Amino acid sequence: EAPLVEVKDLKVHFPITRGVIFDKVIGFVKAVDGVDLSIPRGKTYGLVGESGCGKSTLGRAILQLTPSTGGTVTFDGTPITSLGPGKLREMRRRMQMIFQDPLSSLDPRQNVESILVEGLAAHGIGANRDERRKRVAETLDAVGLPRWALSRYPHEFSGGQRQRIGIARALVLGPDLIVADEPVSALDVSIQAQVINLLEDLQDQLNLTYLVIAHDLAVVRHIADVVGVMYLGALVEEASSDDLYVQPLHPYTRALMSAVPVPDPDVEDQRERILLAGDLPSPANPPRGCRFHTRCPWAQPTKCVDERPVLRVITGTSDTHRVACHWAEDIQSGVLQPHDVRA
Ligand code: SF4
Ligand code: MG
């Protein structure tokens, strides 16, 4: 079966302009710069990376909420990157987004019922008001909110409940794909699991396909079938969730994982500690060659600085595990040692 979403060489380059009367383009922020990925139906793709790496822009570009400047997105067989605005709007019912902070994306002057009915009316779903109200009430049940919530306003709810409203607003339209951008990072840890479990239950019941964007590897590990790690506008590694967490291959992924705290304080943490030098470079002026070379503890002169590595499968790992590093084999085998690893 063909994947629901196929992304090929996707680019989102924002022009940087200067000038008072005549804007002159002086460069581009390459927020997304040549991403290939596909999301199978009914599965969850987890997209992780530091803030500023382009993961939110990629998520929005997959829905064409942010226009891409190159490459293609195919949704259920339709190349949506070449659709006109009318057709794209029709398609958008099937591709919904949920956000980190529902309060900023929910209209504070509308009660929950009108927030949900509005989407239905906009997409011409439901023959009349009664049908729409019935559908709204069923959606409320599905996300675990009581019926009395209908007459309340977003600020009257807790963060977790508000995220349920955000999920309901997406769900009421009957989407196939939901892009969830940091869906739990604004919530208390105790509430995070509830929202993640809800998303998983809804996926099982409705065969939903998810793209879950998070800076937190721990969140994605639980929910994702496939994980892509993004750095400065490009994927540096992609693998099944199990493979990635057991055997991260890219130096950046290894560094991200070494930063995840160990849950049990009584168990001695024997994992490697990799400290990255410096901050994320600007996507307006990314390092040439391997974009990670300015921070990579294994970076080698010449090749890492001159040649941009492509995502590839390396010997001895699963053929769905791809990594963009010139030295992945030697790093994996230990032949190449980091310049800077703290035990
Ligand atoms: Fe590090 Fe070089 Fe691999 Fe890039 S290609 S991750 S700089 S070793
Ligand atoms: Mg799942």
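Predicted model: local features only at pLDDT ≥ 70, side-chain atom pairs only at ≥ 80, totals over all residues.
Some ground rules come with it: local features need pLDDT of at least 70, side-chain atom pairs count only at pLDDT 80 or more, and totals for chains, interfaces and linings use all residues. Residues are numbered from 1 along each chain as its sequence is written, while chains are lettered from A and ligands numbered from 1 in the order in which they are written.

Helices (H or I, at least four residues) and strands (E, at least two) are DSSP runs, numbered from the N terminus. Two strands pair if DSSP finds at least two bridges between them. With that in hand, look at the open sheet that four strands build in the order 2-1-4-5, with antiparallel pairing. Strand 2 and strand 5 (78–79) sit at the edges with a single partner strand each, so one side of each has no neighbour in the sheet.

Here are some of the strand pairs in the model, including one from the other sheet.

| Strand pair | Sense | Bridges |
|---|---|---|
| Strand 1 (residues 5–18) and strand 2 (residues 24–39) | antiparallel | twelve |
| Strand 1 and strand 4 | antiparallel | five |
| Strand 4 (residues 70–75) and strand 5 | antiparallel | two |
| Strand 3 (residues 44–48) and strand 8 (residues 209–214) | parallel | five |

Val5 is a handy landmark: it stands opposite Ile39 in strand 2, and its bridge partner in strand 4 is Phe75. Over in strand 5, Pro79 is the bridge partner of Thr74.

There are hairpins here too. Strand 1 and strand 2 have five residues between them, and Gly19 in that hairpin takes a positive phi near 140°. The hairpin of strand 4 and strand 5 has two residues between the strands, and Asp76 in its turn has a positive phi of about 50°.

Inside the pairing of strand 3 with strand 8, which run parallel, Tyr45 stands opposite Leu211 of strand 8. Contact means C-beta atoms, placed from the backbone, within 7 Å.

**Loop residues**

Which of these loop residues are buried, and which are exposed? A residue is buried if 20 or more other C-beta atoms (placed from the backbone) lie within 10 Å of its own, exposed if 12 or fewer, and partly exposed in between. Gly124, in the loop between helix 4 (112–122) and helix 5 (129–142), counts as exposed because it has 9 C-beta neighbours inside 10 Å. Its C-alpha atom is 17 Å from that of Ala168, 44 residues apart along the chain.

Most residues other than glycine have a negative phi. Glu182 sits in the loop between strand 7 and helix 7 (189–206), and counts as buried because it has 21 C-beta neighbours inside 10 Å. Leu232 also has a positive phi, of about 45°. Leu232 lies in the loop between strand 9 and strand 10 (234–240), and is buried, with 22 other C-beta atoms within 10 Å.

**Helix 10**

Helix 10 (residues 251–258) is mostly covered, with six of its eight residues buried. Those are Pro251, Tyr252, Thr253, Arg254, Ala255 and Leu256. They pack against helix 8 (217–223), strand 9, strand 10, helix 9 (241–246) and helix 12 (328–333).

**Around ligand 1**

Ligand 1 has 13 residues around it, and Cys290, His293, Cys296, Cys304 and Cys325 come nearest. A residue is near a molecule if its C-beta atom, placed from the backbone, lies within 6 Å of it. The shell holds ten nonpolar, three polar and no charged residues, where Ala, Val, Leu, Ile, Met, Phe, Trp, Tyr, Cys and Pro count as nonpolar, Asp, Glu, Lys and Arg as charged, and the others, Gly among them, as polar.

Note on methods: Contact = placed C-beta atoms within 7 Å.
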